[in-house]
Every structure is written in structure tokens, then in C-alpha cells.
Amino acid sequence: MDNRGNVKGIAARVAIWSARHRALAILGWVAFVAATILLSMQVSTEQANYALAGHGDSGRADRIVEEAGFPEQPAGEMVLIQNRAGSDRVTAAEEVTRALKSTADVADVQAPIESPDGRSTLITFSIGGDPETAGERVGPALDAVAKVQAAHADLYIAEAGDASADKLIGDELEEGLTRLSLLSIPVTLGILLVAFGAVVAALLPVALAIMSVIAAIGLMAAASRLAPAVDETTHVMLLIGLAVGVDYCLFYIRRERDERRKGADPHRALMIAAQTSGRSIWISGLTVIVAMAGMFFTRDVTFVSFATGTILVVATAVLGSLTVLPALLSALGDRVDAVKIPGLYRRNSDGRVWNALLRVVLAKPLVSAVVAVAALGALAAPALDLKTKGQGIQDVSADAPVVLAMVAIGEAFPSKTTPARVVVQGDVRGQEFDQALTGFRSAVAASDGKLVEPIDVEVNPRGDVAVVSVGLAGKETDAAAIAALDTLRGEVVPDTFGRLSGTKAHVTGATASSVDYNERLEESLPWVFAFVLGLAFILLLVSFRSVVVAITGVVLNLLSVAAAYGMLVFVFQDGHFEEQLNFVSGGGITNWMPLFLFVILFGLSMDYHVFVVSRIRELHDRGLPIRDAVREGIGSTAGVITSAAVVMVAVFALFATLPLTATKELGVGLAAAVLLDATIIRAVLLPAVMTLLGRANWWLPRGLRWLPEIAHEPPAPVTPARPEPELTPVG
């Protein structure tokens with residue numbers, strides 16, 4: 001390929017190199033992906049240690065316990081026997097005890113204890129062996145308890161605990177992920193087949209996106225040495241990688257095909273695609289990476305893992321789109337349209353629906369803008385009442401027997417499911433500690449029911465750390481539980497263990513950890529928002545040399561995020577569509593979801609914004625008035641934006657089918673936001689606002705005119721002047 005024309009920009013230069021060295025670019029990409037696979041096989045992924053990752057007072061307590069040398073505890077299980085119609089719990093408890101003691105892998109069966117209200121009996125035991133794999137061995141115990149329940153239909157007899165919960169989560173997730181893996185690729189490919197109408201063109205984005213995800217997961221194995229990975233990171237990488245990888249390739253291929261159909265030669269078509277769509281890809285990818293990097297400010301192990309994983313998968317998708325894709329397009333030429341599908345393949349996509357809508361919007365831009373903002377405001381309104389909550393067993397499958405049993409145990413024996421744990425560091429074997437413990441018991445009894453017995457005490461082998469467990473009124477993070485935690489931290493612990501000389505006392509547990517986690521997020525939110533918004537503004541400013549375009553892009557993306565928040569609150573906090581989505585509302589949104597959705601949505605929204613505004617700027621630079629540039633720019637990109645949005649919505653919606661409430665929130669939130677972004681915002685609000693602003697769209701203060709000029713299209717090829725024919729005299 002000749003380097004013809006005045007080529008500018010990284011994307012175009014990389015495209016020229018790739019097209020010139022097609023074999024090297026293609027084989028190099030394959031070798032890169034293979035190397036990452038080998039890397040992940042040689043270097044295992046470092047998993048995050050949640051015991052060392054907490055925040056605040058609970059985080060300090062967890063780290064003390066982790067380093068105290070307590071013997072490894074086996075996975076604990078509990079059997080609840082509760083009055084329903086019958087009342088003979090004693091016989092049932094004896095049968096459960098005998099059945100468990102004769103069951104394989106069951107150990108340490110404790111004597112039954114009775115609840116304060118006299119309606120429930122609890123039997124605790126352990127599953128022997130490694131607690132990490134106890135879920136694989138808990139099946140016989142569950143079967144034994146089920147047989148006793150069948151013999152006592154007038155009682156409620158059920159089992160729950162660490163091992164049974166792990167088994168439930170493992171089974172549910174395995175089924176959900178299997179379904180996701182079977183559906184995500186075919187659904188994406190099906191959408192692209194409709195969009196392109198040709199098999200080869202549809203296969204390219206899917207293949208490159210899958211390879212990008214595989215390569216990024218391999219790189220994550222090495223990166224986990226610096227940022228340990230949490231379990232959900234791979235799922236998030238698949239979600240984001242498949243969506244952006246397909247979108248980036250879709251933008252590039254669609255533009256190259258369009259230019260060829262307009263009569264451009266293969267070289268110029270590829271250069272136009274590289275300098276326009278390719279440029280949009282790396283700017284969009286950089287913006288997404290910047291947005292993801294904002295999660296590092298939280299200093300939370302989950303967010304740091306998410307940030308690392310998503311940055312790797314987006315960077316890999318950008319790399320593949322800008323390097324191997326031009327080589328493949330150059331090698332295929334017009335064969336990219338090979339294996340056409342009758343009835344779907346069209347040489348031109350006129351976007352009649354979008355153009356009809358655009359005519360209305362551009363005819364009444366002010367009215368259109370007001371209506372669009374009002375609609376987004378109505379969708380965002382529920383977010384004013386947004387509440388967050390920690391994740392619990394109920395978020396897996398609310399109607400599963402294990403979950404129902406855990407909830408019932410928590411109500412009858414609150415100290416057994418989510419107790420508060422007071423960690424005392426110092427001399428815990430002396431008389432002074434015993435006296436403080438006696439005072440602690442008295443304070444619990446006098447707490448007006450905020451703190452609940454029984455009180456359990458465990459001392460490490462060195463005798464310098466004691467863990468005192470006590471129940472909290474309420475459920476996990478509700479108002480009653482938080483009030484009880486405040487009493488424990490603010491009054492009971494300081495007045496008892498806090499007076500011991502040479503010791504320190506901290507409070508942890510599910511409620512305490514959730515409260516401290518939320519406080520840490522609240523502290524980090526301003527930094528995350530400032531970082532993401534500030535750098536996104538700078539990237540747009542440098543890219544388009546316009547303060548107005550930068551501000552418009554930031555504001556439109558914030559509207560998209562706000563609307564997504566509102567829809568999440570409406571569905572998951574208020575409990576709408578519970579039956580359709582198979583969840584039970586916990587009265588709040590998963591605590592890490594708002595911040596994570598903000599950075600993800602803000603980054604992904606830039607895909608469409610940069611792509612559309614780049615086309616409008618390109619047309620305006622050719623001399624078109626702003627209204628015409630908006631009409632032609634949005635009209636010409638409507639087809640690819642629609643296809644890209646449908647791919648993203650479909651992939652995100654599939655994640656809403658997973659059993660965890662958090663993944664449902666993630667899928668619904670992202671799908672809804674992308675749908676709104678591609679319709680109300682890009683098709684109505686953006687053209688209306690840009691039309692109203694007119695020439696002001698490109699305003700740049702005199703003090704910023706040093707910013708570099710960026711070409712949006714290669715200059716037209718120069719046609720050599722034809723020599724004048726020699727005149728032959730006549731006569």
C-alpha cells in the first residue's frame with residue numbers, strides 16, 4: 001500500500017503500517033493472544049483477601065484477627081427447627097442430631113439451643129475438611145435434614161450455613177454463566193448478521209472481541225500481583241470487553257464499507273475509516289480508561305480489581321481494532337461482504353426512521369430539547385431517594401430453601417447469622433479482661449434489646465487477641481441494626497473493653513463492615529467524580545478544540561447516568577418487575593453499584609458521543625452549515641449507532657439473567673442507560689442542543705488556541721493536471 005495523501009493521526013499511521021505488513025500484523029496479534037494465554041497458565045491469578053481489605057474500624061479488626069493465628073475454622077452449618085402447626089421440637093431435634101452424627105463429613109454436632117421466644121430450636125455443626133471446598137461435601141447433610149423434615153410435616157426444619165450457601169451460589173452461578181456463555185456469542189453474532197447482511201463482516205467483530213477478552217484475562221493474571229482480583233472481575237471483563245470490542249470494530253468496518261460503496265479506492269476508504277472511526281475509537285477508549293481509573297481513588301479491593309480488569313480489556317480491544325483490523329480489511333478488500341444474506345444485505349442504509357425523527361427535532365429544536373430533558377428528568381427522579389445496602393445471601397436466590405432458612409435463623413437467633421464481633425487486642429487471659437467481659441455482659445443485658453445474647457468468646461493460642469461475638473437487633477444494615485451498632489461502638493465497648501490498660505478494642509461484623517464501607521465510598525466519591533469529569537472534559541476539549549462540545553458531552557453523559565440511577569431505584573429498590581427479573585427487593589441498591597455504574601456509563605457513553613460529534617465536525621469542516629452537518633452527521637451514523645446500541649443492550653440484558661441481584665442491577669442499569677443514550681440523548685437532545693448553539697458549538701477561548709488542530713478526514717487526493725494538447729495549425 002502506498003502512503004498517499006497527507007496522512008495525520010496515530011490511527012491512520014497505524015492503519016498504513018498494518019496494511020503494508022498484513023501478515024506481520026495478523027500473526028503478531030495471534031501471537032500476542034497466545035502469549036497471554038500461556039502467561040495465565042504459568043502465573044496463577046492472585047485472589048483478593050477480603051480479611052485484609054476492609055475499611056475503617058472493622059477493617060482494622062479484621063486484620064488483627066487475620067494475623068492473630070486463630071486455628072482455621074471449618075465451615076459452620078445450622079439446622080433450624082421451628083413451630084408451625086406442631087410443637088414437638090424435642091423429638092425432631094433428637095432425630096436431626098442422630099442423623100447428622102451418622103452422616104459423612106459432619107463434625108462437632110452441638111447440643112440444641114432454644115430461642116428467647118421459645119418457638120425455635122437451633123443445632124449447629126461443622127463440615128469437616130477445607131472450608132473453601134465444604135460446599136462440595138455438604139450434600140449428604142442437606143439430604144439427612146430433608147428426610148427429618150419429611151417425617152415432621154407439622155414443623156419447619158431447614159439447614160443453612162457457610163457450606164450450603166457456597167453450594168447454592170456455586171450451583172446458581174454455574175447454571176447462569178453456562179446459559180450466558182451459550183447465549184452471548186450467538187445473540188451478538190445474530191445482531192451483527194442483521195446489521196451487516198454478510199457473514200464475514202459479522203464474524204470479524206465477534207472474533208476480535210472474544211480474542212480481546214481472552215488476552216485481557218490472561219494479562220489480568222500478571223496484573224493481579226499488584227491488584228488482587230475479586231471473583232466478579234472476570235464477569236465484568238466479559239461484559240465490557242464483548243460490548244466495546246464489537247462496537248469498536250463495528251464503527252471501523254461500517255465506515256470503510258460506506259466509503260467503498262461511495263466509490264473510494266481501497267486505500268482511501270481504509271484511510272478515511274482510520275482517520276475518522278479509528279480516531280474516534282482511540283479517543284473513546286482513552287476516555288473509558290480514564291473513567292475506569294477513577295475507581296483507584298476508592299482504595300477498595302473490589303473497585304481496584306474492577307478498574308484493572310476493565311482498563312486491560314478496553315486497552316486490548318482498542319489495540320486490536322487499530323492494528324489487526326486494518327490488516328484484515330486490507331487483506332479481504334471487498335470480500336469483507338462475502339457470504340451475503342438474502343433479504344438482509346443492503347448496499348446503503350438510509351435510516352429513514354432516524355431521518356424522519358431528525359426532521360422533527362431540527363424543525364423544533366427548543367421544544368425537542370425541553371421534551372427530552374423532561375423525559376430524562378422524570379426517569380431520574382426516583383434516584384433522589386437512592387439507598388444502598390450490602391450484599392447478602394438473599395441476593396442469590398431469594399426463594400431458595402437455604403436462603404429462606406438463613407433468614408428464619410437470623411430472625412430467631414440474630415447472634416448466629418450476622419453477629420457483631422468485638423476484637424480485643426492485648427492481655428486477654430487476665431483477671432482484668434474477665435472483669436471487663438462481665439461488665440460487657442451486663443451492658444448487653446441492659447441495652448433495651450439493641451444487643452442480643454448469646455455472647456461467645458474465642459481467644460487465640462497466643463492469648464493476645466479475643467473475639468467477643470454478640471447479636472445486633474434488626475437485620476444486617478437496617479435502621480435497627482445500625483442503631484444497635486452505634487450503641488455498641490459508642491457506649492458499650494468504650495465503657496468496658498475500652499478501659500482496659502494496654503489493649504485496643506475494635507468492632508467488626510457484617511453490619512460494621514457495611515457501615516465502614518459506605519463511609520469510605522462517601523469520602524472517595526468527590527475525588528472519583530472530579531477525576532472522571534475533569535479528565536473527560538480535557539480529552540473532549542483537546543479532541544474537538546471546543547469548550548462548548550466538551551461541556552455538552554459531560555452534561556449529556558451525566559443525564560444518562562442520572563436516568564440509569566432512577567431506573568435502578570424504580571426497579572430494584574422499589575421492587576418493580578420482581579417476578580419478571582426473579583429477585584426480591586432488599587430496599588436498596590448494592591452499595592458498590594452507583595459508583596461503578598457512573599464510571600462505566602460515563603466511559604461507554606463517550607463511544608457514541610465521540611463517534612457522532614466527530615462526524616458532525618468532519619462535515620462542518622467541509623463547509624456545511626451546522627444544521628446540515630447535524631442532519632447529515634447523525635443521519636449517516638444512525639445505522640451503526642443503532643447496531644452498536646442493540647449489541648450492547650443485548651449483551652448487558654443477558655447479565656440480568658444471572659442469579660445474583662448485583663449482576664441483575666448491573667445488566668439492567670447498563671442496558672437501560674445505553675438504550676437511552678442511543679435514542680433520547682443522541683437522536684433528540686444532542687442534535688437539538690447543537691442546532692440551538694449554532695456556531696457557538698466550536699467556541700474556543702483565545703487563550704486555548706494553541707491546542708493542536710486535528711484533521712477529521714484525509715484531504716482529497718490530488719489529481720495530476722492533464723497537459724495541454726498541442727495545437728496543430730490548419731491550412
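Trainee: Is Trp592 buried or exposed?

Mentor: A residue counts as buried under 20% relative accessible area, as exposed over 50% and as partly exposed in between, with a 1.4 Å probe and protein chains only. Trp592 has a relative accessible area of 7%, so it is buried. Please keep in mind that this is a predicted model, in which local features need pLDDT of at least 70 and side-chain atom pairs count only at pLDDT 80 or more, whereas totals for chains, interfaces and linings use all residues. Residues are numbered from 1 along each chain as its sequence is written, and side-chain values use heavy atoms, with hydrogens and water left out.

Trainee: How do the rings of Trp592 and Phe596 lie relative to each other?

Mentor: Rings of Phe, Tyr and Trp (for Trp, the six-membered ring) pair if their centres lie within 6.5 Å, and planes under 30 degrees apart count as stacked, over 60 as edge-to-face and the rest as tilted. For Trp592 and Phe596 the centres are 5.7 Å apart and the planes stand at 70°, so this pair is edge-to-face. Phe596 is buried, as Trp592 is.

Trainee: How many aromatic pairs does a search of the whole structure find?

Mentor: The search finds 12. Among them are Phe306 and Trp592, whose ring centres are 5.4 Å apart with planes at 65°, so that pair is edge-to-face. Helices (H or I, at least four residues) and strands (E, at least two) are DSSP runs, numbered from the N terminus. Phe306 lies in helix 10, while Trp592 sits in the loop between strand 11 (589–590) and helix 21, so their pairing ties together parts that are 286 residues apart in sequence. Phe306 counts as buried because its relative accessibility is 1%, and ring pairs link Phe306, Trp592 and Phe596 into a cluster.

Trainee: Which residues touch the most other members of the largest nonpolar core?

Mentor: A nonpolar core is a set of buried Ala, Val, Leu, Ile, Met, Phe, Trp, Tyr and Cys residues joined through side-chain atoms within 4.5 Å. In the largest one, which has 151 residues, Ile240, Tyr252, Met295, Phe596, Tyr608, Ile616 and Phe652 touch the most other members. Helix 21 (residues 593–621) gives the largest share of this core, 18 residues. There is also a second, separate core of 25 residues, and Leu437, Val470, Phe497 and Leu500 are included in it.

Trainee: What does Phe652 touch, leaving out residues up to four places away in sequence?

Mentor: Contact means heavy atoms within 4.5 Å. By that rule, and with those sequence neighbours not counted, Phe652 touches Leu239, Ala243, Leu604, Gly667, Leu670, Ala671 and Val674. Gly241 has a relative accessible area of 1%, so it is buried, and its C-alpha atom is 9.8 Å from that of Ile311, 70 residues apart along the chain.

Trainee: Which helices do the buried residues of helix 11 pack against?

Mentor: They pack against helix 1 (10–20), helix 2 (22–42), helix 7 (199–223), helix 8 (233–261), helix 9 (266–293) and helix 10 (301–322). The buried residues of helix 11 (residues 324–332) are Val324, Leu325, Pro326, Ala327, Leu328 and Leu329. Just after helix 11, Gly333 takes a positive phi of about 60°.
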